[in-house]
Amino acid sequence: MKFVIGQVAHETNTFSNIKTTKELFQLWEWDRGQAIIHKHRNARDYLGGMINRAEELGIEIVPAFSAFAYPSGTITRETYKALKAELITGIQEARDADAICLALHGAGVVEGIDDLEGDLLRAVREVVGYSVPIVVTLDLHANLTERMVMEADVLLGVNFYPHIDSYERGMEAVDVAKQIIEGSLHPVMHLAKLPLMIPPSTTNLSPARDINQACWEWEREQKVVDCTFFHGFPYADIPAVGVSVLAVTNGDQELARRVSESVAEKVWDLRKSFFHQLPSPAEGIRQALGVEGQPVIINETSDNPGAGTPGDGTHLLRAMLEAGLENACFAFIYDPEVAQIAHEAGVGSYIDVELGGKTDSLHGEPLPIRAYVKSLTDGRFTQSSPMWRGLQVNLGKSARLQVGGLDIIVCSVKSQVLDEQIFLLHGIDIKKYKIVALKSSQHFRATFESMSEHIITVDSPGLSTTRLTEFDFRRIKRPIYPLDDEMEKGGITSAGKENLI
């Protein structure tokens, strides 16, 4: 057997003023051929799972193209045209592939194209036809569409947030494709879409944990291949935004419908449980100081670069400076200008700078500080988080600045904090600090839950705030919760497709 593998992954925050260009993809990943194998073999991500499983089974792997950009604004039409051409060319050059396994995201938006994944899958079908199985892995924040369901044979979403099961879904994609080719699996899918948006919700806590349990109960049925609760990505002003449940069965369309609609009903009944009142940065700091033991993690969910925010927001950092904290650290703020100044000044110098707040005013104004340059690094490390462990990370020129009793890490490439590596790189042992602040919504939990005494999530103005009613949605389908509070569950819609190969 010969499988083609590839990746096109972007989570698009349409409210961002930063357009996503080819250069932003190239900053993270724009690879062809064997470079894909070299980067992802043994990494605990989707492609890593596909590669390792195919090699275990003796399946020939043909890597077509892989593009990954950190979440940001709408992808330019020129950029999408280029990456689509790269993927299609890679697939065409493979010749006579038995199956195609793609790692997509599910929340990609292009100028003039609301559904990147659906459009891309249709383009692949135009090349290989409908006799070649296409199995796709998706992020659980995918905004699923009927087009995705129609063009793919199977869509597999991760179950966990943080996404610690990406590797397993990649392995499963290869197994499923093999079963389709051998004739033991005739997949059918049914999609249930809800008129509902939810904020980032970790799956090791209720209610998301309870809904996953309901999905897994259904998966015990012999003919149920998969049932996934897709949270959707709420920071996109497109008609398809929202929560959905997708069920895959072996040849039983009616069972797939019952599974997806049953779980969708449970999601709807629990919808209000996803929304919580979070403290402000100042209140979060007060709560942290009252906790016995250390470290206490404060995560700034409203400026989470993993959701397409600038990463240079100053609301939490300003509150920390105003509180005069003596045993605290912050990682990290995106500010290549300040990082460059620190590198030019050198370790042991003092610098006077305007830190952060350079992208927009929503996330806070720049902070005028006088800081001591404690350490300088190249920002390179190997990711150790259970999520995507083994990937090489390059955050560019980075610096550890000290203002009073506060250590501030500044980096030149935007990213959320997934593990302790950025701290260790700058000589910081977080266990020695009372308060450890970082920018992330949920992914940090995969590492920091076991390392911390307590976690406090704070919210403030930002492009990933949990207060979804503050966004100026103009194109989404209405009514939708929580924008429209009093709604009946009759708004759930269903779409199915039967693929008998």
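Residues are numbered from 1 along each chain as its sequence is written. The model is predicted, so local features need pLDDT of at least 70, side-chain atom pairs count only at pLDDT 80 or more, and totals for chains, interfaces and linings use all residues, while side-chain values use heavy atoms, with hydrogens and water left out.

**Strands**

Helices (H or I, at least four residues) and strands (E, at least two) are DSSP runs, numbered from the N terminus. Two strands pair if DSSP finds at least two bridges between them. Buried means under 20% relative accessible area, exposed over 50%, and partly exposed in between (1.4 Å probe, protein chains only).

Strand β16 spans residues 398–403, and five of its six residues are buried. β16 pairs with β13 (residues 367–377) through five bridges, and the two run antiparallel. Here Thr377 stands opposite Ser398 of β16. Five bridges also join β16 to β17 (residues 406–411), again antiparallel. Leu401 faces Ile408 of β17 across that pairing.

Six bridges hold β8 against β9 in an antiparallel arrangement. Val248 in β9 is the bridge partner of Asp226.

**Aromatic pairs**

Rings of Phe, Tyr and Trp (its six-membered ring) pair if their centres lie within 6.5 Å; planes under 30 degrees apart count as stacked, over 60 as edge-to-face and the rest as tilted. The structure holds 17 such pairs.

| Pair | Centre to centre | Angle between planes | Class |
|---|---|---|---|
| Phe15 and Phe471 | 4.9 Å | 45 degrees | tilted |
| Tyr235 and Phe471 | 5.5 Å | 55 degrees | tilted |

Phe15 sits in the loop between β1 (2–9) and α1 (22–28), and Phe471 in the loop between β19 and β20 (493–498), so their pair ties together parts 456 residues apart in sequence. Phe15 is partly exposed, at 22% relative accessible area. Phe471 is buried, at 11%. The pair of Tyr235 and Phe471 also links distant parts of the chain, 236 residues apart. Tyr235 lies in the loop between β8 (224–230) and β9 (244–250). Tyr235 is buried. Ring pairs join Phe15, Phe233, Tyr235, Phe471 and Phe473 into a cluster.

**Second largest pocket**

A pocket is an open set of points on a 1 Å grid over the protein atoms alone, where a 1.4 Å probe fits, with protein on both sides within 12 Å along at least five of seven lines; lining residues have an atom within 4 Å of a point. The second largest pocket has a volume of about 560 Å³. It has 28 lining residues, and the closest to its centre are Phe274, Phe275, His276, Leu278 and Thr466. Strand β19 (residues 454–458) gives the most to this lining, with three residues.

**Other contacts**

Arg271 lies over the face of Tyr481, 5.4 Å from the ring centre. The criterion is CZ of Arg or NZ of Lys within 6 Å of the ring centre and within 35 degrees of the ring normal. Glu265 is found in helix α9 (residues 253–269). Glu265 is partly exposed, at 31% relative accessible area. Glu265 and Ile492 are 227 residues apart in sequence, yet 8.3 Å apart in space, C-alpha to C-alpha.

Terms used:
Grid points are joined across faces, edges and corners, and a volume is the space filled by probe spheres set on the points.
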